[in-house]
Amino acid sequence: MCIDEFSIDDPNTAPSHPPLLVPQIRICKSIRELKQVHAFFIKTTQTHNPTVATELLKLSATSDFRDPGSLTESKDRPLDALLLFCKMLSDGIVEPNGFTFPSVLKACSVVARLEEGKQNVNSIDGDMNRILERDKRKQEGNVVLCNVMIDGYVRLGNLKIARELFEKMHKRSVVSWNVIISGYAQNGFFIKAVEMFHKMQMEDASLNRVTLVSVLPAISRLGALELGKWVHLYAEKNKVQIDDVLGSALVDMYAKCGNIEKAIQVFERLPKNNVITWNAIIGGLAMHGKANDLFNYFSRMERSGVSPLVMSHT
């Protein structure tokens, strides 16, 4: 039993400060023990204490022994999570804060195909705007929260609100830039992705490997070879590690921009243990109609022990 210092049958033994029992909640090892603790707090009328209630809910939602029928979490029951959020807004007793929205947006992204997810975006946006205005003194924390929010809107496919939130940020990190650039590129807004990449440089923001990986697909689709070469040169000059991910993006870019020879050159410098890297060069050779080279590289891939994916046969 978790509560060994107090008797569940005798409410008079309850401590005057409920948070003193929080450690007892945290060491529960079964749902039975958690229910005993919960029963104790009900008997001692302490379930309304915010600290106690939060700890009980947290353990119920995150523990390995949780009861599937007694909780709601965005991973398994996103609609229930959204309904609770709506109830929170309608009751008006407790205001959502910056830490509320990441979980709500995660739930929205799960149900993005459903109307419930789309309808909640408007409520979230309005409340987030108020929080950004109210908490201007807490910009360091807001950077992280805004990044999560922008990523959530990108996952929902709502680039308009993602961009609006990005522009409202008083301070941005490299993650902020990467998320919005990647969002535009992944959703087919290639020109906007490149524009944001240029804007990032004009504002002297630091580029990293993720930035380059994020913008290269847009460069490939636009056939912007000179910009692609600049990205490659930037990586080399600034000692950005050209691993299989960045390397494959460079191979794909050179191939799609018409320079298959450079694509092969980049490929030959990369580790050969990743099917994505092989797919990039095989796809590029196919695009340029180099059938003999394609089959040679495909044979090399098989000899290296890398299993081909469906994409490798295209």
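Start with the surface. The accessible surface of the chain comes to about 17300 Å² (Shrake-Rupley method, 1.4 Å probe; for residues, only the protein chains shown count as cover), and 54% of that surface belongs to carbon and sulfur atoms.

This is a predicted model: local features need pLDDT of at least 70, side-chain atom pairs count only at pLDDT 80 or more, and totals for chains, interfaces and linings use all residues. Residues are numbered from 1 along each chain as its sequence is written, and side-chain values use heavy atoms, without hydrogens or water.

Colour by secondary structure. The chain has 16 helices and 0 strands. Both are DSSP runs numbered from the N terminus: helices are H or I with at least four residues, strands E with at least two.

Now colour by burial. Of the 314 residues, 42% are buried, meaning under 20% relative accessible area with a 1.4 Å probe, protein chains only.

Select residues 159-168, helix 8. Its buried residues are Leu 159, Ile 161, Ala 162, Leu 165 and Phe 166.

Next, select Thr 211. It sits in helix 11, residues 209-222. Is Thr 211 buried or exposed? Thr 211 counts as buried because its relative accessibility is 0%.

Show its side chain. A polar contact (N or O atoms within 3.5 Å, one able to donate a hydrogen and the other to accept it; residues adjacent in sequence count only if both atoms are side-chain atoms) of 2.9 Å joins it to the side chain of Asn 208.

Finally, show what surrounds Thr 211. Beyond neighbours within four places in sequence, Thr 211 is in contact (heavy atoms within 4.5 Å) with Val 174, Asn 178, Ile 181, Phe 197 and Met 200.

Terms used: Buried means under 20% relative accessible area, exposed over 50%, partly exposed in between (1.4 Å probe, protein chains only).
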